Amino acid sequence: MEQRTKPEQASETSGTGAITCPFFLAHSAHEIHCEAFVDDARLINRYQRACDKKRQLRIFCSENFKSCEIYRALMRDKYGEEDA
């Protein structure tokens with residue numbers, strides 16, 4: 001299955017210029033929305049504190065998305081890339 005690229009799956013929200021993860025979809029004050037394992041769905045990570053969500057965006061969605069557990073699981077299980 002072909003991996004989607006950022007232009008086809010651009011963020012639905014503002015303030016995401018630094019996001020490089022191809023599976024990132026959107027965010028709100030306490031949530032990060034990512035591509036899901038099934039089509040026409042999304043994974044939603046909800047944080048109790050906005051500062052924790054911002055840290056996740058900075059560390060994984062922007063800088064190190066290949067180290068993110070969601071990215072690695074999607075690459076392995078949905079797109080069949082074992083070395084993700």
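Predicted model: local features only at pLDDT ≥ 70, side-chain atom pairs only at ≥ 80, totals over all residues.

Visitor: Which residue is the bridge partner of cysteine 34 in E3?

Guide: Leucine 43 is the partner of cysteine 34.

Visitor: How many bridges join E2 to E3, and do they run parallel or antiparallel?

Guide: There are 5 bridges, and the strands run antiparallel. E2 covers residues 31–35, and E3 covers residues 42–46.

Visitor: What about the hairpin of E2 and E3? How many residues lie between the strands?

Guide: There are 6 residues between them. Among them, aspartate 40 takes a positive phi near 60°.

Visitor: Switching to E1. How many bridges does E1 share with E2?

Guide: E1, residues 24–27, pairs with E2 over 3 bridges. The sense is antiparallel.

Visitor: Which residue in E2 stands opposite histidine 27?

Guide: Isoleucine 32 does.

Visitor: And how many residues are in the hairpin that joins E1 to E2?

Guide: That hairpin goes through 3 residues.

Visitor: Last one. Why is E2 largely enclosed?

Guide: Buried here means under 20% relative accessible area. For E2, 5 of the 5 residues are buried, so the strand is largely enclosed by the rest of the structure.

Terms used. Residues numbered from 1 in each chain as written. Heavy atoms only, no water. Pairing = 2+ DSSP bridges. Helix = DSSP H or I, 4+ residues; strand = E, 2+ residues; numbered from the N terminus. Buried < 20%, exposed > 50% of the residue type's maximum accessible area, 1.4 Å probe, protein only.
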